[in-house]
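Let's take a walk through this structure together, with the sequence at hand and the 3D view open beside it.

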Amino acid sequence: MFKFLKGAIAAVLMTAAVAPAAMAADTISGAGATFPAPLYAKWAEGYKRTTGIALNYQAIGSGGGIKQIKAKTVDFGASDKPLTPDELSAAGLYQFPTVVGGVVPAINIPGVATGKLKLPGTVLADIFLGKITMWNDPAITKWNAGLALPAMPITVVHRSDGSGTTFLFTSYLGIASAEWKQKVGANDAVEWPAGVGGKGNDGVAALVRQTAGSIGYVEYAYVMKTGISYALVASKEATWPMPTAANFKAATAGADWAHAPGNYVLILNQPGANAWPITGATFILMYKEQANAVKAAEVLKFFDYAYKTGDFSANELYYVPLPAAVKSMIRKQWIDNVTANGAAVYTSPNK
Amino acid sequence: MPAETKSIRFDPTDPIFRWVSFSAATLLLVVLGGLIASLVYGGWPALSTFGLDFFLKFKDCPAGSGAHFCIDTPWNPVTDVYSATAPIVGTIVTSFLALLFALPIAIGVAVFLTQFCPRYLAQPLSTAVELLAGIPSIVYGMWGLFVFAPWFAKDIQTPLMIAASQDPTSWVAKLVAGVPNGANLFTASIILAVMVLPYMASVFRELFRSIPPQVREAAFGIGATPFEVTTSVIIPYVKKGMIGVIMLGLGRALGETMAVTFIIGNSHRFPKSLFDSSSTIASTIANEFAEATTDLHTSALVALGLILFLITFTVLAIARWLLSSQRY
């Protein structure tokens, strides 16, 4: 009995003593958004191989990421929904974008091929408000002269879980339609006036696929992976860009990053004939004033590495890398915005 | 050595051993108490902000509707207004429907296993029923969404709706109204029924086995048919225990999360028909907790958790009481 207890206690003590030491030396930790998690994991894999420093990223959702960084349990938080400049300064946080994604309306209308149906933002908003209920409504046929739209009821499918995708989509509808903005608003979860909810991109896509006459919205990567039919949305200049990586990049480049306080940028309805109107970045949150300069520098070095070498894996996983101009602007921001004891923790971008 | 072990002696590890087992026993109670306390603490902002409106909120009835009162079911993360009525109703309706579907089958399985089943079939069949209980709920959810729901929509829901469209004002048409995609209250209840079925069937079997064989044999001896034995002897003998098992099944159905989340359609409204989408307390929490950014939203979800805890706790307490008062 005694021996067993002694052995057990010794074993517990030994693990306790070894584990934290190993963690502290070469791991950076983050938590938050699920959307970029596969890409961060891919970047971390390469970073570990070159530097030996591991990233421990927990994909617990944007809301959780914001809570964790505010509680200082992680080195950085990650959110699909940017914090407003007021929220940032209240918490002493700084945010920067990492990659871009787009939101695409997914449809299932018998006889309508992918990429053919054209929906201006106001019409899209009226559909999701439940005001347009038939696919052969004149409001839709007006924009789709060559298309044989059936006399079929419209079923709206939305995300049931809180999501950055929903935030982007509802924000766009709010820009396109004053009624949407006033009645529903924009958030990562809203009170939907119509339709059914599916859990995650998979849930929405499954419901759209098995419901004739339905329309939902999914992440661009999901369209690429599953080949689900999609509709086109009018750009700000009333053109009909396709949802492609190049067109998300066009929208990102057109956004006014330089004059956005706190990098609060929603890449919605940007000018440019090729700019996909429902585009958005995902963000990293860090404290402006860091207690541990070495740790903070390691976090920024990781994202510097990701900016430098991560575009290939981003494209491979159907994310859209930031334009080079935005990247170099963000690198300059790091020098001024993240400090420890008044000194910049990140110094030379080209080392 | 052998002589020594026979005598009673003081071992210094005895008090430690006793202390360790005592803490193991009390740890659970402490965790339970802490759980309740943190649910109340976390849910308090929402409960105190909305008061009784959180449980039942009234609104002005639309003019000309003729109704005396109308219930509002807001769940709006944008304006931060929450009311739990719709998820509570969805939880209770799906659980009761699930019991309704599962109960006759569970009794049938148990009766067959204890009364009629040939010996070579009894063991494999019992094992199969118990294995069903071990399938993770997310597997049921995915099967429900990708296999069961499309089949149900195509072969059951659509024909029913077409048949009912002859007379759109009939109660049948109202009952089957909805979007034909298979994600609704009814399919969620069926999936739930499949999930509680094995559990209920195996406890029923244990209950039926607990009946002394003499009682059964005596009934057969006076010429009762197997049906009469089952309905007039076996079931009355374990009636209280059976209600207990039903309550245990209800407790499981109430808290089931992932499978329901996949297939219930997730809308925060009162379901208007059997084939309308709805939401449950557990599915709402699973859907929204990770991305709840405002404090009131998080708090409303924690308060929902508290409500579910209280409902389940009450149901399970009644079940335990009924089961323990069953004499064997």
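A residue is called buried if 20 or more other C-beta atoms lie within 10 Å of its own, exposed if 12 or fewer do, and partly exposed in between. With that in mind, keep in view that this is a predicted model.

**A helix in the open**

Of its 15 residues, the number buried is one, so H4(B) lies largely in the open. The length of H4(B) also agrees with expectation: 15 residues at 1.5 Å a residue should span 21 Å, and the end C-alpha atoms are 22 Å apart.

Just after H5(A) comes A:Gly130, with a positive phi of about 80 degrees.

**Chain A as a whole**

Chain A has 14 helices and 13 strands. Its C-alpha atoms fill a box of roughly 80 × 55 × 35 Å along the principal axes. For 351 residues, a compact globule would have a radius of gyration near 20 Å, and the 23 Å of chain A agrees with that. Take the contacts in chain A between residues at least 6 apart in sequence: 72% of them join residues at least 24 apart.

**Strands of chain A**

Where does strand E8 (residues 214-219) of chain A sit, enclosed or in the open? All six of the six residues of E8(A) are buried, so the strand is largely enclosed by the rest of the structure. Strand E3 (residues 76-79) of chain A is also buried: A:Phe76 and A:Ala78 point one way, while A:Gly77 and A:Ser79 point the other way. In a regular strand, side chains alternate between the two faces of the sheet.

| Strand pair in chain A | Sense | Bridges | One bridge |
|---|---|---|---|
| E4 (residues 93-108) and E8 | antiparallel | six bridges | A:Pro105 with A:Tyr217 |
| E6 (residues 155-159) and E8 | parallel | two bridges | A:Thr155 with A:Ser214 |
| E1 (residues 27-32) and E3 | parallel | three bridges | A:Ala31 with A:Gly77 |
| E3 and E10 (residues 279-287) | antiparallel | three bridges | A:Ala78 with A:Ile284 |

**Two loop residues with positive phi**

A:Lys72 has a phi near 60 degrees, a positive value in a residue other than glycine. It lies in the loop between helix H3 (62-70) and E3 of chain A. A:Lys72 is exposed, because there are 10 other C-beta atoms within 10 Å.

A:Tyr318 is not a glycine either, yet it has a positive phi of about 65 degrees. Look for A:Tyr318 in the loop between helix H13 (311-316) and strand E11 (320-321) of chain A. With 18 C-beta neighbours inside 10 Å, A:Tyr318 counts as partly exposed.

**Where the chains meet**

**The core, and a spot in chain B**

The largest nonpolar core has 178 residues, and those with the most contacts inside it are A:Ala106, A:Met286, B:Val196, B:Met200, B:Phe204 and B:Ile263. Helix H7 (residues 185-209) of chain B gives the most to this core, with 17 residues. Leaving aside neighbours within four places in sequence, B:Ile263 is in contact with several residues, including B:Gly141, B:Leu145, B:Ala183 and B:Ile191.

Finally, B:Val81 is found in strand E4 (residues 81-82) of chain B. B:Val81 counts as partly exposed, with 17 C-beta neighbours inside 10 Å. Not counting residues up to four places away in sequence, B:Val81 touches B:Pro74 and B:Asn76. B:Val81 and B:Phe54 are 27 residues apart in sequence, with their C-alpha atoms 9.0 Å apart in space.

How values were computed
Residues numbered from 1 in each chain as written. Chains lettered and ligands numbered in written order. Predicted model: local features only at pLDDT ≥ 70, side-chain atom pairs only at ≥ 80, totals over all residues. Helix = DSSP H or I, 4+ residues; strand = E, 2+ residues; numbered from the N terminus. Rg over C-alpha atoms; globule rule 2.2 N^0.38 Å. Contact = placed C-beta atoms within 7 Å. Pairing = 2+ DSSP bridges. Expected span 1.5 Å × (residues − 1). Core = buried A, V, L, I, M, F, W, Y, C linked by C-beta atoms within 7 Å.
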